[in-house]
Amino acid sequence: MTADAAERTGSLIELPGGEFIMGADDRRRDERPAHPVRLATFRVAERPVSNDDYAAFIEQTDAAPPPFWTQDGFRIPDAPVVGISWHEAVAYCEWLSTQADARYRLPTEAEREYAARGGLEAADWPEPDSCWPEAACRASVAATEHPHVPIDVCRNGFGLYCMADNVHEWCSDWYDRNYYSSSPSAEPGGPASGVRRASRGGSWRHRIKFTRVSARSSLSPSYRYNDYGFRVYADAD
């Protein structure tokens, strides 16, 4: 990997894979049924793609700038870039793959949930504490009105920042609220087709800024919302 590409991706953390229980039987309908999933080892960036990361992509391609960069709070260099469609996120991953010695991509929903759990079983949050969102150390995050620079108090057991807060992150899967009832147990990749793409994570724009690690969301892949960003993943070496 070149030095510039390393700076753009930040540190990628290798997760061991294995089996975990995806979903939750006592939560929303689209999180049911809870079911075992097996994943191979994969790598994930410590933090979402930042504004400065995305600026490098724009400089070297004909990509359009995000629509919110002209607004206060949306061009902080190390904060997550937002206003990125699913198609633009995929294009960034493809471009980054040409700059480095790895194939970067968006995660499957299963990979995103496994990564968000941080090694915990049956937990709603990055720590085994039902009061995690109300902790005083995260008060600044709870009060934010734009994407924030990742901070240590939002880090999970795998060392990943902002898996339950900050911005929604695109996944590679098509979204189907009933998919879990027929999902394969090994390396599920979502439905073969659909209308909306899956996304995960919390949102600075919501009244409640933190979202449970098993909670699902989705959006049309062409939309560019001011709380939608992404994070890069890669297969293991």
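Ser50 is buried in this predicted model, with a relative accessible area of 7%, where buried denotes under 20% relative accessible area, exposed over 50% and partly exposed the range in between (1.4 Å probe, protein chains only). The residue lies in the loop between strand 4 (42-45) and helix 2 (51-60), helices (H or I, at least four residues) and strands (E, at least two) being DSSP runs numbered from the N terminus. The side chain of Ser50 reaches the backbone oxygen of Pro77 at 3.5 Å, and, when neighbours within four places in sequence are left aside, Ser50 is in contact (heavy atoms within 4.5 Å) with Pro77, Asp78, Ala79, Pro80 and Val81. The model is a prediction in which local features need pLDDT of at least 70 and side-chain atom pairs count only at pLDDT 80 or more, whereas totals for chains, interfaces and linings use all residues. Residues are numbered from 1 along each chain as its sequence is written, and side-chain values use heavy atoms, with hydrogens and water left out.

Asp165, in the loop between helix 5 (139-142) and strand 6 (168-174), is likewise buried, at 0% relative accessibility. The side chains of Asp165 and His148 are joined by a polar contact of 2.6 Å, a term that requires a pair of N or O atoms within 3.5 Å, of which, within protein, one must be able to donate a hydrogen and the other to accept it, residues adjacent in sequence counting only if both atoms are side-chain atoms. Beyond four places in sequence, Asp165 also touches residues including Val141, Cys154 and Lys209, and its C-alpha atom is separated by 7.0 Å from that of Trp204, 39 residues apart along the chain.

Across the whole structure, 20 salt bridges are found, each defined by a side-chain nitrogen of Lys or Arg within 4 Å of a carboxyl oxygen of Asp or Glu. One of them joins Arg212 to Glu31, with the closest N and O atoms 2.8 Å apart; this pair links distant parts of the chain, as Arg212 belongs to the loop between strand 7 (197-200) and strand 8 (217-219) and Glu31 to the loop between strand 2 and strand 3, 181 residues apart. Both Arg212 and Glu31 are buried. A salt bridge between Arg205 and Asp227 has an N to O distance of 3.4 Å, and here Arg205 is partly exposed, with a relative accessible area of 43%, whereas Asp227 is buried, at 0%.
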